[in-house]
Amino acid sequence: MLVALRRTAPLALATGCVLASEALAQEPTTKPETAVYGIAPTRGGEMELLVDLYRPARGPIAGAVILMHGGSFATGDRRLEENRAYGEALSGRGYLAAAIGYRLNADSPVVSGWAAEYSRGVRAHDDPRITGAIEQLGPGFPDAVAAAGEDLTAAVSWLRGRAPELGFDPADIAVFG
């Protein structure tokens, strides 16, 4: 998935095309800084949402890229090797990379608003890809998909709110995952 927000389409496309083959060959520019970007509800209580920020070692920041790890909303973590490699490669090219953690199926996320409506709608579909995932991962799986959307929205808001202190234009955010 590659999503560009506002005017970041060239950034997002360049990131996906250029970095895919080069990311593992890059030298680290900085160690990531971990921060809390939000608090989210689960059936077991509240969960801190964490982000690892990879900042360029020097120069102005060209924009920010949010990295979402793979794992079908059931496995994975922001600290996966591929996120580290992409974070280092992006920061080496002048971008702020933000590898986010988000609620997974096992976290039993609680969703509301648009995410709850999405989750209820997914359960109503007869799409075998959805029903197969629900059969395999349990009836809460659509909530995990919707929760990832809520958590991504929270990460974008958090980054935009801190853009001046982090040193980039809040309009220049892309999502890669």
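This is a predicted model: local features need pLDDT of at least 70, side-chain atom pairs count only at pLDDT 80 or more; totals for chains, interfaces and linings use all residues.
Author: Residues are numbered from 1 along each chain as its sequence is written, and side-chain values use heavy atoms, with hydrogens and water left out.

Reader: Why is Asn-105 called buried?

Author: Buried means under 20% relative accessible area, exposed over 50%, and partly exposed in between (1.4 Å probe, protein chains only). Asn-105 has a relative accessible area of 14%, and is therefore buried. Its place is in the loop between E5 and helix H3 (113-124); helices (H or I, at least four residues) and strands (E, at least two) are DSSP runs, numbered from the N terminus.

Reader: Which residues does Asn-105 touch, not counting those up to four places away in sequence?

Author: Asn-105 touches Phe-73, Ala-74, Leu-137, Gly-140, Phe-141 and Ala-144, where contact means heavy atoms within 4.5 Å.

Reader: What makes Phe-73 and Phe-141 an edge-to-face pair?

Author: Rings of Phe, Tyr and Trp (its six-membered ring) pair if their centres lie within 6.5 Å; planes under 30 degrees apart count as stacked, over 60 as edge-to-face and the rest as tilted. The centres of Phe-73 and Phe-141 are 6.3 Å apart and their planes stand at 65 degrees, so the pair is edge-to-face. Phe-73, in the loop between E4 and helix H2 (81-92), and Phe-141, in helix H5, are 68 residues apart.

Reader: Are Phe-73 and Phe-141 buried or partly exposed?

Author: Phe-73 has 27% relative accessibility, and therefore counts as partly exposed. Phe-141 has a relative accessible area of 8%, and is therefore buried.

Reader: Why is Tyr-118 called partly exposed?

Author: Tyr-118 has a relative accessibility of 39%, and so counts as partly exposed. Tyr-118 lies in helix H3 and, leaving aside neighbours within four places in sequence, is in contact with Pro-142, Val-145 and Ala-146. The C-alpha atoms of Tyr-118 and Ala-146 are separated by 6.6 Å.

Reader: How many residues has the largest nonpolar core?

Author: A nonpolar core is a set of buried Ala, Val, Leu, Ile, Met, Phe, Trp, Tyr and Cys residues joined through side-chain atoms within 4.5 Å. The largest has 26 residues, and those with the most contacts inside it are Ile-66, Ile-100, Leu-159 and Phe-168.
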